[in-house]
Amino acid sequence: MAEMNTLVVGNDLGYGDLKISIDNEITTQPTVISPIEQDFENPIDHTDQDAVKNTIDNLLNLMNIEIDGKHYLVGNAAQNSTIERITTDTNSRIGKAHMPAAKIVPLSTIAAKVVQNAYENGEDIFSPLKASVVMTTNLPIDEIENEPSVRDFYKGMFLNNNHIVVFRNFKAVDVFKEGEVAAVVAINNATNDLKKYITDYTHKKYPTIEVSRLLGNNKTILVIDIGFKTTELALIVNGEADAFNSSSIKYGYGHVLSSAWKYLPKASSGGYTVKDVVAFKKLLNSKPFTKMEKENRDFALKSEQSATPKLIRKIVSGLNGILGAADNLDAVYVVGGGSIPLMERTDLEQQIKATLENHRSSATTIWLGEKYAAYANLIGLKAIATSRNESINNK
């Protein structure tokens with residue numbers, strides 16, 4: 001265990017923001033916490049040195065901590081999250097000192113600085129770190145005058161126990177969530193080819209939109225990943241995967257195909273059918289040369305049209321739920337193999353745009369097209385694998 005360091009701290013806890021000086025370095029954090037009731041995995045591998053460094057550098061914006069056996073997002077991380085946010089209530093009679101954030105925000109911020117300092121000094125940050133703190137703090141005059149014991153209460157909150165703050169930002173995770181990989185890696189860190197596609201698509205469909213609003217690793221975006229058996233709605237807030245308001249729909253384009261295949265005899269009005277879903281999909285994607293082939297394909301397209309509304313309703317319902325939680329969405333990206341027929345042959349795009357308008361959202365809708373839509377997750381996974389391989393070889 002590393003030798004104990006002493007930090008000199010000035011703690012000015014405001015109802016809106018914490019202003020804190022740690023060894024003469026001033027930091028500001030919103031006095032906000034978000035309790036995490038359902039645990040989640042964070043895709044930061046502690047063996048990936050680049051990912052660890054990036055997280056350490058930005059730790060004060062990513063405080064995902066456990067304290068007193070409870071799990072929270074704290075400060076900027078809470079303010080930028082889409083889960084319930086608890087602030088210091090200016091109308092509460094119990095006073096600032098008795099509010100959970102009065103303890104959690106300062107302790108978490110101090111602990112984050114301890115971790116950052118240890119990392120800079122080459123210490124093992126995945127082993128327990130200790131620090132001794134000399135702190136000055138203050139409370140509102142009327143709070144102390146109305147209840148003099150509050151001074152000792154607040155002082156005792158910090159002095160009466162050793163405080164253990166566990167950062168839960170680092171986990172070894174090898175299996176990533178569909179949609180999030182496409183969003184966090186493939187789109188937010190797009191290759192030059194993909195950037196060009198997004199730029200060209202935007203210029204063509206939204207000539208007044210600046211592409212810089214849509215690209216970059218600090219954007220808030222939603223990726224709708226339409227697969228064969230599931231549809232993933234992956235929300236990315238300020239470049240970080242949001243594990244709380246992303247969702248998975250257990251319905252995909254494969255269900256559309258199955259339903260449409262069963263409907264084909266009715267659509268043809270003459271009992272025409274093909275032997276299975278695979279043959280039906282081939283018929284949909286065929287290029288007819290004869291009158292009969294064209295009629296058969298038209299029957300298949302009519303059947304498909306009868307089956308797509310259910311999936312679209314589910315997507316729109318999921319989108320409504322996320323838009324109720326997400327603030328300032330920059331873009332909605334539509335990806336996945338199932339997006340190709342839906343974007344080409346249905347009103348999905350129009351329904352997404354209408355839903356955004358209903359929520360007063362100016363987010364831009366971008367479809368990655370036939371070239372990239374089906375491969376967005378693979379592009380992200382490939383980039384992660386390449387980065388890890390380089391990290392291993394550089395050790």
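Mentor: Lys-113 counts as buried, at 6% relative accessibility (buried means under 20% relative accessible area, exposed over 50%, partly exposed in between, with a 1.4 Å probe and protein chains only). The model is predicted, so local features need pLDDT of at least 70 and side-chain atom pairs count only at pLDDT 80 or more, whereas totals for chains, interfaces and linings use all residues. Residues are numbered from 1 along each chain as its sequence is written, and side-chain values use heavy atoms, leaving out hydrogens and water.

The side chain of Lys-113 meets that of Glu-25 in a salt bridge, at 3.1 Å from N to O (a side-chain nitrogen of Lys or Arg within 4 Å of a carboxyl oxygen of Asp or Glu). This pair links distant parts of the chain, 88 residues apart: Glu-25 lies in strand β3 and Lys-113 in helix α3 (DSSP runs numbered from the N terminus, helices being H or I of at least four residues and strands E of at least two). Glu-25 is partly exposed, with a relative accessible area of 42%.

The structure holds eight salt bridges. One of them joins Lys-53 and Asp-57, at 2.8 Å from N to O. These two residues are four apart in helix α1, and therefore separated by about one helical turn. Lys-53 is partly exposed at 40%, and Asp-57 is partly exposed at 48%.

In helix α7, Asp-200 and Lys-196 are also four residues apart, about one turn of the helix. Their closest N and O atoms are 2.8 Å apart in a salt bridge. Asp-200 is partly exposed at 39%, while Lys-196 is exposed at 52%. Elsewhere, salt bridges that share partners join Lys-205, Glu-349 and Lys-353 into one network.
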